[in-house]
Amino acid sequence: MDTAGFCTQARVLIVAGKGGVGKTTVAATIAQMAATAGLRALIVEIEGKSGLGAAFGHEDALDYAEREMAPNVMARTVTPDFALVEYLEDHGLKRVSKRLAKSGALEVVSSAIPGIKDILVLGKVKALARDDAADLIVVDAPAAGHAITFLASARGLLDAVRVGPIVEQARDVDEMLRDAARCQVVLVTLPEETPVNEAIETAFALEDRIGIQLGPLVVNAVYSHLDLDLSALDMPGLDPRDADALRAAAEFRLHRQELQATQIARLAESLPLPQLVLPQLFTSAIGKAEIDELANAMRDRVAELPAVRV
Amino acid sequence: MSAVKELAMQRNVVVCCGSGGVGKTTSAAALAVEAATLGRRACVVTIDPARRLADALGLGELTNEPRQVEGPWSGELWALMLDTKTTFDALVTKYASDPAQAERIISNRLYRNVSGALSGTQEYMAMEKLHELYATERFDLIVIDTPPTRNALDFLDAPRRLTKLLDNRIFRLLIMPTSSYLRAVSAATQRVLRTIARVVGAEVVDDAVAFFEAFEGMEQGFRERAQAVIELLSDDATAFVVVASPRRDATAEAVFFADKLVEAGLGVDGVIVNRMQPTYGDRDIALPPDASSALRLLAANRDSFEALAASEHNQLADLRAAAGDAAISYVPMLLDDVHDLGGLDLVRAHL
């Protein structure tokens, strides 16, 4: 499948997964891959974390205004508080919105309505998609358990509240989430037992409870396969201390490679979705160079996918 | 500098904090095992343990009360998995003047949302559970795993949050008897309420009013309880341990946590860095000039781990600075993922 085709299957891609699996890195990677294919990408960050800017080599935190991360890659935040104030303003309540926020009444009300903040955030994402803010909008979603709550918010509200503009908003969001041509979820996981379990559980929860289309799975930080041959250590002239160090490093790599392969196979068995495998990078600080490297790797994996809609 | 695991012997409460996916639950469990091994009665309160670890701890099914875990230790190990809703219901029942009031609150829709979804409720209930367990005096050490929250000190603010909600002026005015209500509620307040009703529907406002009516008279109990939790957290017998992994975003979060704990006057007593890349040998590899390609590949493999370890080491400079005098323990990336008591022993050896 060609990159542009892959990136335009749905306007909105929601990147979800357990904490620590590299969601933000993958969101940046997908956006960079789309940009390289000539598309305009917009990354939406909803938790106000700092990692995304750093991945593109920027020091400052993101804010509500779009900022260029790289050519054709923009990023911004959509936090619940801003989304709420904007929503009230759009509904002719500009004058009272500040007072509402100040009185604390909003906190009470948002506590009273399940998921209202999530719906407003998703409503804003929907509006960005409708207004053609970018060819591809990549949403860096909250960690897995919260991602389910986040994406189930519209369903929950429709069950709990019957009338009012907020219900219309929830209905619109629900429609978008269940339309595979508009919105898909990319689940990210690591090739380890616990993250794989969680990815499987999340995948079923998202399909069953929300009816959202799952795009390919991204398996992050996978060792590229090395055929390490320990018999090569039997060489005259190699210091025994060096031989020991190389043997220990090789045993670690071989053991971990095997564990990863087992987990990737288990993931494939449990979830019949295409997998995009990203390489383990030997650095703890992901910056622009690493994002470019990962975007190239992802493009190669996408090219291997069959040219049908997933 | 002492080791983090000494806290398991010295303290009565250890609070583990950190972002998601850094091995917080595993670290908390390992500290509790350490205490049990030292002959103490330890209880670990976990939020969301991985399934096999939960099984290993005898938490196969959700249980909100401590269960004893059998093992080769002279002390006792207990474990429980926090159930936010059940804990909250118990708290309401405790402070309600009679069962009817408790029932009115528990069946109210706003309460159901608050107890399940109000941001910080899980943190609040974790602290509530801590207080409850502490008060029983059944344990010498309680290790508590906090939810992976982006808002660093949610678990400290959480007890205050509900009392703040209960103090909301607009809703206090609403539940006054009608005559004084008419006098007291200003035109501005009425406008605010009408606005809310217009946007979210009148039923939500009705629910809110019913909720505040139901809570009438209980605020004092909640407030005192919140104060008691704060005092327990501030006690010298309570330790805070920040858990991190050596990735940039995780260390940034850990530094943020450490700073906030210091700011709050609580301080950091220990830092655990999990998933460190092990290194192999302590010198550059001297390959013979006629080394085979297979041997060069083995050297390249070892070098890639060296590069990662060096990158991690640089990454941790800020965290070491933020930790101040606190003990720091580094736990290497183990050969296998940790999901049983044997794995916990391996982690424990590095604490």
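Begin with the sheet of chain B in this predicted model: select its 8 strands, which form an open sheet with mixed pairing, and follow them in the order β3-β4-β2-β5-β1-β6-β7-β8. At the two ends of that order you will find the edge strands of chain B, β3 at residues 67–69 and β8 at residues 327–332, each of which pairs on one side only. If you then turn the view to look along the sheet, you can follow how neighbouring strands are turned against each other, by 20° on average when direction is ignored.

Next, select residues 270–276 of chain B, which make up strand β7(B), and display β8(B) beside them: the two strands run parallel and are joined by 5 bridges. Within this pair, pick out Val271(B) and look across to β8(B), where Ile328(B) stands opposite.

Finally, move to chain A, where a cartoon view shows 12 helices and 9 strands. The C-alpha trace of chain A spans about 85 × 40 × 40 Å along its principal axes, and 50% of its 310 residues are buried. Among the contacts in chain A with a separation of 6 or more, 75% are made by residues 24 or more positions apart.

Note on methods:
Residues numbered from 1 in each chain as written. Chains lettered and ligands numbered in written order. Predicted model: local features only at pLDDT ≥ 70, side-chain atom pairs only at ≥ 80, totals over all residues. Pairing = 2+ DSSP bridges. Helix = DSSP H or I, 4+ residues; strand = E, 2+ residues; numbered from the N terminus. Axes fitted to C-alpha atoms, helices over the stretch in contact; angles between N-to-C directions. Buried ≥ 20, exposed ≤ 12 C-beta atoms within 10 Å, placed from the backbone. Contact = placed C-beta atoms within 7 Å.
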